[in-house]
Amino acid sequence: MSEPAQGPLTGVTVLDLTRVLAGPYCTMLLADMGARVIKIEQPGKGDDTRAWGPPFLNGESSYFLSVNRNKESVTLDFKQPAGRAILDRLIARSDVLVENFRPGTLERQGLDYPALASRHPSLVYCSISGFGQVGPKRDLPGYDAVVQAEGGLMSVTGAADGPPFRLGVAIGDLVAGLLAAQGITLALYARQRTGRGQNIDIGMLDGVAALLSYQAGIFFATGEVPRRLGNRHPLIVPYETFTASDGDFVVAVGTDEQYRRFCGAVGLDALAVDPRFATNASRVTHYDTLRPLIADALRGRTRAEWIDALTAAGIPCGSVRDLGEVLTDPHLQARAMIEAVEHARAGSIRVMGVPIKMSDTPGSVRTAPPTLGQHTDPILRRELGFNDCDLEQLRRDEVI
């Protein structure tokens with residue numbers, strides 16, 4: 001275990017009432033940047049993802065391990081009066097509370113933002129849900145596949161003549177986690193000026209809709225609904241996947257000058273001066289004519305040969321790699337994007353590194369994901385003053 005780094009959020013305490021992915025991803029990002037994150041879990045069960053698998057590493061879910069590093073785990077049933085009293089004491093010691101219960105759940109327990117802000121005005125309170133805290137869909141459960149569908153991403157993902165596809169990772173959850181972490185850091189920055197906390201409402205559907213970006217712009221500009229185009233970009237040509245003699249690779253030609261150099265590199269000089277393809281706008285218009293000409297030329301050599309030739313010509317390109325190739329890439333190793341930590345049960349495990357590189361206050365991977373309740377006794381004993389008899393009674397009552 002490495003020494004704690006002085007990240008930009010060092011000194012900030014986050015009480016984490018989340019589970020599954022969006023919330024834990026948010027709090028992991030905060031923990032990576034130095035925040036102390038105390039994860040509250042259900043006694044005997046814990047975060048739902050502790051049971052998700054296989055694969056398991058010595059009984060520990062690989063899913064859970066992927067998004068819960070740098071945290072402390074406390075088991076606590078705060079529906080019981082004794083558990084609620086402990087939770088209240090932890091809230092009083094926290095700068096941030098993050099939750100992803102169904103809207104209204106914590107309100108019924110007096111744990112919503114208005115109830116807590118009256119006692120803790122400096123508290124930053126973040127709620128993550130599928131559809132946000134207001135709106136006609138407020139009470140619907142939030143699942144990534146649902147918000148990818150409802151948010152339009154699936155309608156523009158997949159082959160032109162095939163069915164819609166969801167992205168291969170839970171992008172709705174992950175983007176909600178990213179936005180929540182950003183919202184929390186913004187609220188902490190605002191608190192330095194005002195002394196007040198605030199409420200942050202993150203809806204997964206909002207995040208997915210925000211990702212539509214230029215696809216939404218196409219609809220706003222034309223009134224036409226964008227359709228699935230496979231790996232093709234709707235506004236830039238050629239900017240997509242092509243097939244070489246040994247597999248697929250991507251070409252991303254973003255300017256007319258790059259297009260002329262691309263044609264020279266692949267032996268299609270005539271296409272560089274053809275007026276039908278002289279500008280990006282004309283290439284988009286004549287895509288159906290241009291694409292087969294390029295595809296035929298690129299089938300004759302290997303990916304490595306084309307990537308060497310195109311890179312030398314200054315054309316952005318890259319192989320379509322599987323995760324085994326990605327996660328053993330020497331470049332990612334050099335960027336400290338693959339880290340090893342020692343887990344109490346699973347032994348040495350690998351996790352993804354911190355993608356935000358800061359020169360003076362860097363984030364860091366310091367500790368492995370916690371085992372269930374690993375820090376319950378130390379925190380209750382050392383910080384809240386409970387003794388061994390107290391802890392034994394709480395266990396008998398199934399509070400911890």
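Asparagine 58 is placed in the loop between strand 3 and strand 4 (60–61), where strands (E, at least two residues) and helices (H or I, at least four) are DSSP runs, numbered from the N terminus. This residue has a positive phi of about 50 degrees although it is not a glycine. Asparagine 58 counts as exposed because its relative accessible area is 60%; exposed means over 50%, buried under 20% and partly exposed in between, with a 1.4 Å probe and protein chains only. The model is predicted, so local features need pLDDT of at least 70 and side-chain atom pairs count only at pLDDT 80 or more, while totals for chains, interfaces and linings use all residues. Residues are numbered from 1 along each chain as its sequence is written, and side-chain values use heavy atoms, leaving out hydrogens and water.

Two cis peptide bonds are also worth a visit. One runs from glycine 53 to proline 54, with omega near 5 degrees, and another from proline 54 to proline 55, with omega near 10 degrees. Proline 54 is found in the loop between strand 2 (36–41) and strand 3 (56–57), and proline 55 is placed in the loop between strand 2 and strand 3.

For the chain as a whole, 17 helices and 13 strands are assigned. The C-alpha trace spans about 85 × 45 × 40 Å along its principal axes. Of the 400 residues, 48% are buried. Among contacts (heavy atoms within 4.5 Å) with a separation of 6 or more, 68% join residues 24 or more positions apart. The chain exposes about 19,800 Å², of which carbon and sulfur atoms supply 55%; accessible areas come from the Shrake-Rupley method with a 1.4 Å probe, and for residues only the protein chains shown count as cover.

Turning to the rings, the whole structure holds 4 aromatic pairs, that is, rings of Phe, Tyr and Trp (its six-membered ring) with centres within 6.5 Å, called stacked with planes under 30 degrees apart, edge-to-face over 60 and tilted for the rest. Phenylalanine 78 and phenylalanine 101 form an edge-to-face pair, 6.4 Å centre to centre with 80 degrees between the planes. This pair links distant parts of the chain, 23 residues apart: phenylalanine 78 lies in the loop between strand 5 (71–75) and helix 3 (81–92), and phenylalanine 101 in the loop between strand 6 (96–99) and helix 4 (113–117). Both phenylalanine 78 and phenylalanine 101 are buried.

Charges also sit over rings, a term that asks for NZ of Lys or CZ of Arg within 6 Å of the ring centre and within 35 degrees of the ring normal. Arginine 232 lies over the face of tyrosine 287, 3.6 Å from the ring centre, and the charged end of arginine 283 sits over the ring of tyrosine 259, at 4.2 Å from its centre.

Helix 8 (residues 213–222) includes phenylalanine 219, which counts as partly exposed because its relative accessibility is 37%. Serine 213 lies in helix 8 too; its phi is near 35 degrees, a positive value in a residue other than glycine. With a relative accessible area of 44%, serine 213 is partly exposed.

Finally, glutamate 150 belongs to helix 5 (residues 144–150). Leaving aside neighbours within four places in sequence, glutamate 150 is in contact with Lys137 and Leu205.
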